[in-house]
Amino acid sequence: MRAYELTGRLPRLRAVDRPGPAAPGPGQVVVAVQAVSLNYRDLLQAKGNAGLVPLSDGAGLVEAVGPGVAEWNAGDRVVAGFMPGWVEGPLTVAKKATALGGDGTDGMLAQHVVLPASALVRVPNGMSFEQAATLPCAGVTAWAALFERRAVQPGETVLLLGTGGVSIMALQLAKAAGARVIITSSSDAKLARARALGADEVINYRNTPDWAAEVLRLTAGVGADLAVDVGGPATLNTTLQAVRLDGRISLMGVLTGFDGPVDTAAILSRRITLQGIYVGPVAMLHALSRTGIEPVVDRVFQWDEAEAAYEALSGADHFGKLVIRKG
Ligand SMILES: NC(=O)c1ccc[n+]([C@@H]2O[C@H](COP(=O)([O-])OP(=O)(O)OC[C@H]3O[C@@H](n4cnc5c(N)ncnc54)[C@H](OP(=O)(O)O)[C@@H]3O)[C@@H](O)[C@H]2O)c1
């Protein structure tokens, strides 16, 4: 079967011919991958992991089912969880180690994958494979950021940073939940697209470096109820100033790195709930698939354009998601 492997050098991929999947074992399903999507994580994983099949997120058709699999049949349209071993309940080290497309576990940039039946979720009727392929990481992460702990309530204000995959998914989900959304971007053109998707207020963070002050202005000095911080060290201290007293921040991003000083006094004196997000279980993918979300696919690349898709991701010109479709 055709697949791509990482070479350890971005954006170089190696097109390979790997043996096709063996007959599925007990509880397993063979999926013929139709579309995969890229996440920022895939850029990080591609800096090493030579020989690994990349990409965590894909959707496709069930091709064969192993003994004991009653819930799936050949031809079913499915999307797989980011961590096939995390079906529900608390995250454990063992469940975390099942994340696809990184740290020693092959991913979805292949013609076929073999997965546990319990890792699969039915693609909603009317949703394309390209859209479904965006749900496992960006979609579930956005869902977890908004709803897993203190769920967003109608009328609350949600602050979103940038217009990448997670933030645009969060924009759609927050609006569907009745929230008021403030979103930032480095690009006025992207902010116009965000407005068209329902964003109530927009801030260009290049032109307005003190975007926390602008959020306060837009909220009558109160601040956002919930912020989704995809930036990390270089944005968190500003985000802490942009949320209300007793507010909450869902932190999942490493766009500005992995380490940096944190304004701990702001966390305690403003009584902020700072919640770490690490994607979510298959149960959350089920919940997300029932929301009626229509993921925003910015661009679809053909199978032989996989390297161009990586280049587009690192160029960060995209709005929402980048997808590669089966040739
Ligand atoms: N922990 C988890 O579970 C989890 C899951 C998914 C993603 N993540 C992390 O979340 C982050 C976003 O992932 P993604 O896949 O959505 O990325 P993405 O699609 O590549 O998003 C890139 C966009 O982020 C915005 N951005 C970059 N630097 C920024 C900054 N300093 N301030 C505000 N916005 C900035 C830019 O938007 P504009 O062009 O509009 O300025 C850029 O286009 C990444 O760090 C990723 O690793 C974590």
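Start inside: the largest nonpolar core has 102 residues, and V79, V140, V158 and A170 touch the most other members. Keep in mind as you click around that this is a predicted model. Now colour helix 4 (135-148); with 9 residues, helix 4 supplies the largest share of this core. Both domain 1 (2-134 + 295-325) and domain 2 (139-276) give residues to the core, so the core lies between them. As a bit of background, nonpolar side chains in soluble globular proteins tend to be buried together.

Next, zoom in on V158. Leaving out residues up to four places away in sequence, V158 touches V152, A174, A179, V181, A224, D225, L226 and V228.

The protein chain is assigned domain 1 (2-134 + 295-325) and domain 2 (139-276), and their centres, taken over C-alpha atoms, are 28 Å apart. Where they touch, domain 1 puts in 9 residues and domain 2 puts in 10. Select the domain 1 side of that contact and you'll get 5 nonpolar, 3 polar and 1 charged residues.

Last stop: the ligand. Which of the 32 residues around the ligand come nearest? Pick G162, G164, S185, S186 and M252 to see them. Then show helix 1 (40-45), helix 4 (135-148), helix 5 (165-176), strand 9 (180-185) and helix 8 (233-242), the elements that give two or more residues to this shell. Helix 4 turns up again here, giving the most to the shell with 3 residues. Colour the shell by class and you'll find 16 nonpolar, 14 polar and 2 charged residues. Each of the two domains, domain 1 and domain 2, provides at least three residues of the shell.

Conventions
Residues are numbered from 1 along each chain as its sequence is written. This is a predicted model: local features need pLDDT of at least 70, side-chain atom pairs count only at pLDDT 80 or more; totals for chains, interfaces and linings use all residues. A residue is near a molecule or strand if its C-beta atom, placed from the backbone, lies within 6 Å of it. Helices (H or I, at least four residues) and strands (E, at least two) are DSSP runs, numbered from the N terminus. Ala, Val, Leu, Ile, Met, Phe, Trp, Tyr, Cys and Pro count as nonpolar, Asp, Glu, Lys and Arg as charged, and the others, Gly among them, as polar. Domain bounds come from an automatic or database domain assignment. Two residues are in contact if their C-beta atoms, placed from the backbone, lie within 7 Å. A nonpolar core is a set of buried Ala, Val, Leu, Ile, Met, Phe, Trp, Tyr and Cys residues joined through C-beta atoms within 7 Å. A residue is buried if 20 or more other C-beta atoms lie within 10 Å of its own, exposed if 12 or fewer, and partly exposed in between; C-beta atoms are placed from the backbone.
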